[in-house]
Amino acid sequence: ISCACFVPKPHTPFQWEKQITPQEYLRRCKVLKEHFYSKSIEYDYHSPDLSRLEAVFARGDRRLGPVIEAAVNMGARLDGWDEYFSYQTWLDAFAACGVDPDFYTTRGFGLNELLPWDTISDGVSTGCLLRERERAYRSETTPDCRTACNGCGANCLLKGGRCDA
């Protein structure tokens, strides 16, 4: 079994959500691991530090440009590989640029807040994402688009206006 920390991503119903702290993620992993009573179950989890950076870059804005440059100047290279990843280098780069990673992760976003990616349209309306978010909170399944149009707006991107053609 493998798990990873939830990384709230743009253009999804959960783009407004906050990410739990690395400490809370590790606490939850420990609780899960303590409740596996069989030795035949292997339990692995993703690095919380890497998940935090993924959330920062997935939800970031123009203020991250100088952070990336600073991290590279401090030696960050090939950070997708564990043996090269240095979380401290990234923390130092954030500090040097006066950028708080929590602004992009554990704070969450307000429903009326202008988001960094709002200038990019994927065709799905904000209203649809909010409706899907509410459905998720109520544990309701959204019907398949081939059965009934859910009014997301993506049909406007296609010639002929049909998502399931």
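**Nonpolar cores, cysteines and backbone features**

When its neighbours within four places in sequence are left aside, leucine 53 is in contact with Phe85, Tyr87, Trp90 and Phe94, contact being defined as heavy atoms within 4.5 Å. The structure is a predicted model, in which local features need pLDDT of at least 70 and side-chain atom pairs count only at pLDDT 80 or more, while totals for chains, interfaces and linings use all residues. Residues are numbered from 1 along each chain as its sequence is written, and side-chain values use heavy atoms, with hydrogens and water left out.

The largest nonpolar core has 15 residues, of which Leu53, Leu64, Val67, Phe85, Trp90, Phe94 and Val99 touch the most other members. Such a core is a set of buried Ala, Val, Leu, Ile, Met, Phe, Trp, Tyr and Cys residues joined through side-chain atoms within 4.5 Å, where buried means under 20% relative accessible area, exposed over 50% and partly exposed in between (1.4 Å probe, protein chains only). Two or more residues are given to this core by each of α2 (48-59), α3 and α4 (87-97), helices being DSSP runs of H or I with at least four residues and strands runs of E with at least two, numbered from the N terminus. Apart from this core lies another, of 5 residues, among them Phe109, Leu115, Trp117 and Leu129. In soluble globular proteins, nonpolar side chains tend to be buried together.

With a disulfide defined as a pair of cysteine sulfur atoms within 2.5 Å, a search of the whole structure finds 0 of them. Cysteine 128 is accordingly in no disulfide, and the nearest cysteine sulfur, that of cysteine 152, is 5.1 Å away. Cysteine 128 counts as buried because its relative accessibility is 6%, whereas cysteine 97, at 28%, counts as partly exposed.

Histidine 11, in the loop between β1 (2-3) and α1 (22-34), has a positive phi of about 60 degrees, and its relative accessibility of 28% places it among partly exposed residues. Serine 139, which lies in the segment after α5 (126-137), likewise has a positive phi of about 60 degrees, but counts as exposed because its relative accessibility is 66%. Most residues other than glycine have a negative phi.

Valine 72 is found in helix α3 (residues 64-73) and, at 34% relative accessibility, counts as partly exposed.
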